[in-house]
Amino acid sequence: MTNEAEATTTPPAVELPFQAEVQKVLALVIDSLYANKEVFLRELVSNASDALDKARFFQLTHADANKQEGEPCIEISVDEEAHTVTIADNGIGMTRDEVIEHLGTIAKSGSNAFLEQYSELIKGKQKDDALRLIGQFGVGFYSAFMVASRVDVSTRSMKAGSEPVIWRSTGSGTFTVLPGERSAPGTTITLHLKDEHKDYARAWRLKDVVNRYSDFVGFPILIDGERANQPVALWSLPKSQVTEEQHQHFFKHLTGGSGGDAPLLTIHFAVDAPVQFQALVYVPEKPPFDLFQKERTSLRLYAKRVLIIESCDRLTLVWLRFARGVVDSEDLSLNVSREMLQESRALSQIQSMIEKQVLKALKDLAESDPEKYARFWRMFGKVLKEGVSVDWKNKDAILELCRFESLKTPTGQLTSLTAYVQAMPEDQKDIYYLTGVGRQAVESSPHLEAFRKKGYDVLLLTDPIDEWVVQSSPEFDKRRLKSIAHGDVDLGESASDTADLQPALAAIKQALGARVKDVRFSKRLTDSASCLVSDEGDPGANMERIMRMMDERAQEKKRILEINPSHPVVKNLAALALKEMGSERINAFAETLYDQALLAEGVVEDPARLVRRLQDLLAEATRSAAAGT
């Protein structure tokens with residue numbers, strides 16, 4: 001009898017206080033936690049989805065459970081006159097004790113620890129870390145108070161013998177628990193909107209929020225009786241069941257049409273361990289307008305089909321920012337970390353696996369459809385090459401995918417490092433390259449002369465990022481990457497006798513003085529009289545040009561002037577130096593050799609002075625010619 005009386009007695013209405021610490025956390029949630037107020041609906045829909053998931057399991061494991069009425073769904077309705085929004089589910093519901101426990105506290109025993117850590121971080125001006133800390137505490141329900149002056153919760157649990165209950169609060173220090181009238185299991189939350197947020201009492205406004213954040217929740221979401229979300233998350237289906245038409249539609253949904261009509265490449269996969277997630281990644285057929293904004297990130301992060309972050313920079317490194325798609329993990333918690341996601345080992349593992357899958361797909365594309373891969377490279381190659389210098393784990397895989405112009409490829413055609421190595425003559429030891437501002441300028445460089453004669457190919461690197469690519473990649477396939485404009489070169493040719501030409505070296509060194517690091521005979525020139533090279537370890541001319549564009553104060557390194565011992569000008573200068581070392585005419589010839597080397601690189605230090613010197617030399621040459629006739 002006593003048990004029956006207890007079971008049928010309805011507890012009276014009671015007003016209870018929030019704990020002092022909880023009240024502080026609640027104030028933080030309402031005032032400063034969420035950047036976008038509209039996420040309140042995402043949080044409440046997410047909680048309703050969880051309740052439906054739990055109901056399914058509870059009914060399977062409890063034969064005496066109160067029966068669920070109707071098919072599982074989430075219903076949202078608005079009253080524009082009363083300025084209310086109602087979110088209802090027919091999920092597991094809550095008992096009176098659960099209502100007090102779950103809605104009367106925030107993260108339960110964690111409140112004190114949270115406030116202490118948060119205060120310390122704020123004192124230390126570590127605001128970002130403080131915000132990330134919030135992600136450790138489940139406070140999504142309380143986001144309702146960002147837009148509502150009062151929140152009513154009417155609920156009934158699936159547990160046998162449970163009674164309906166109502167929870168009500170204005171978020172100002174207390175909450176009231178009183179008997180309810182609900183007959184079936186589930187929860188209904190009614191928000192009485194603040195004046196400044198009454199626009200949420202419009203169905204179209206809520207549909208927009210649902211489409212943005214909760215479009216792929218696994219249960220129907222009805223707004224004023226009409227389904228507002230997609231019937232299924234495309235990425236959750238087996239790859240074989242998704243049609244090209246579906247991919248095209250979803251791709252346009254993600255990109256807003258800015259990536260073209262269809263993806264160039266689709267990468268759809270699922271992983272069960274060490275972290276469970278599904279991913280659907282697209283490579284667009286057109287580059288987005290903001291491709292070279294490095295802060296741009298590209299993948300949406302979902303947890304249990306609920307959008308956590310619109311553009312998650314933790315999912316890919318900067319070199320994959322051209323990709324578009326979604327990642328959905330069952331192992332990420334559905335709490336406030338959707339807004340400020342804390343450092344997560346699971347995310348690091350997901351990132352690593354996404355990168356491997358994308359690199360594998362690109363490699364397969366390059367091998368199976370070179371023409372299509374060439375299209376990809378023309379659009380996104382410069383971005384992919386960034387990975388060589390910033391991602392040491394994947395550097396070798398990215399380098400294999402890189403494509404470059406070379407001395408032996410026709411203009412507009414590209415080669416890979418693998419193809420370059422396969423085509424190397426047996427006596428060639430290194431992979432040679434030359435950097436510059438464009439193919440035409442690089443192709444006419446005097447540094448190439450000996451390599452042309454030898455029949456060696458040279459990579460022509462004309463993208464600014466190439467400078468960082470070669471600095472980060474000292475070798476490929478156990479072969480050294482060697483700049484033909486740096487240091488000395490050894491092409492296996494026997495050295496010519498330069499004993500009679502030493503006066504020319506001495507004369508040029510004397511004339512140029514500290515303007516050059518050294519003057520020496522060249523092994524790379526066959527036709528030109530002179531060229532400038534950088535010492536090993538020093539930045540080259542192209543790198544210095546890039547650095548000056550970034551910072552005008554960037555200092556230039558002195559370079560080495562090489563002269564061609566077989567060139568008539570050098571031979572004649574050596575003979576003349578024996579007669580008049582240090583003369584004005586000798587110095588003019590030396591200066592001209594230096595200026596000629598600069599001109600070959602598209603640089604003129606003092607154009608007016610160069611013109612005067614050339615005029616003087618021409619005048620002397622014409623006088624000599626006239627006297628000879």
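# Why is it called that?

Author: A search of the whole structure finds 32 salt bridges. This is a predicted model, where local features need pLDDT of at least 70, side-chain atom pairs count only at pLDDT 80 or more, and totals for chains, interfaces and linings use all residues. Residues are numbered from 1 along each chain as its sequence is written, and side-chain values use heavy atoms, with hydrogens and water left out.

Reader: What makes the contact of arginine 56 with aspartate 53 a salt bridge?

Author: The rule asks for a side-chain nitrogen of Lys or Arg within 4 Å of a carboxyl oxygen of Asp or Glu. Here the closest N and O atoms are 2.7 Å apart, so the pair meets the rule.

Reader: Where do arginine 56 and aspartate 53 lie?

Author: Both are in helix α3 (residues 39-61), three residues apart, about one turn of the helix. Helices here are DSSP runs (H or I, at least four residues), strands are runs of E with at least two, and both are numbered from the N terminus. An α-helix has 3.6 residues a turn, so residues three or four places apart point the same way.

Reader: Why is arginine 56 called partly exposed?

Author: Buried means under 20% relative accessible area, exposed means over 50%, and partly exposed is in between (1.4 Å probe, protein chains only). Arginine 56 has 48%, so it counts as partly exposed. Aspartate 53, at 26%, is partly exposed too.

Reader: Why do glutamate 43 and arginine 42 count as buried?

Author: Glutamate 43 has a relative accessibility of 1% and arginine 42 has 2%, so each value falls under the 20% limit. Their side chains meet in a salt bridge at 3.0 Å, N to O.

Reader: What makes lysine 482 and glutamate 536 a salt bridge?

Author: Their N to O distance is 2.5 Å, so the pair falls within the 4 Å limit. Lysine 482 lies in strand β20 (residues 479-483) and glutamate 536 in the loop between β22 (530-533) and α17 (541-550), so the pair ties together parts that are 54 residues apart in sequence. Lysine 482 is buried at 6%, while glutamate 536 is partly exposed at 47%.

Reader: Why is isoleucine 309 called buried?

Author: Isoleucine 309 has a relative accessible area of 17%, so it is under the 20% limit. Its place is in strand β13 (residues 306-309).
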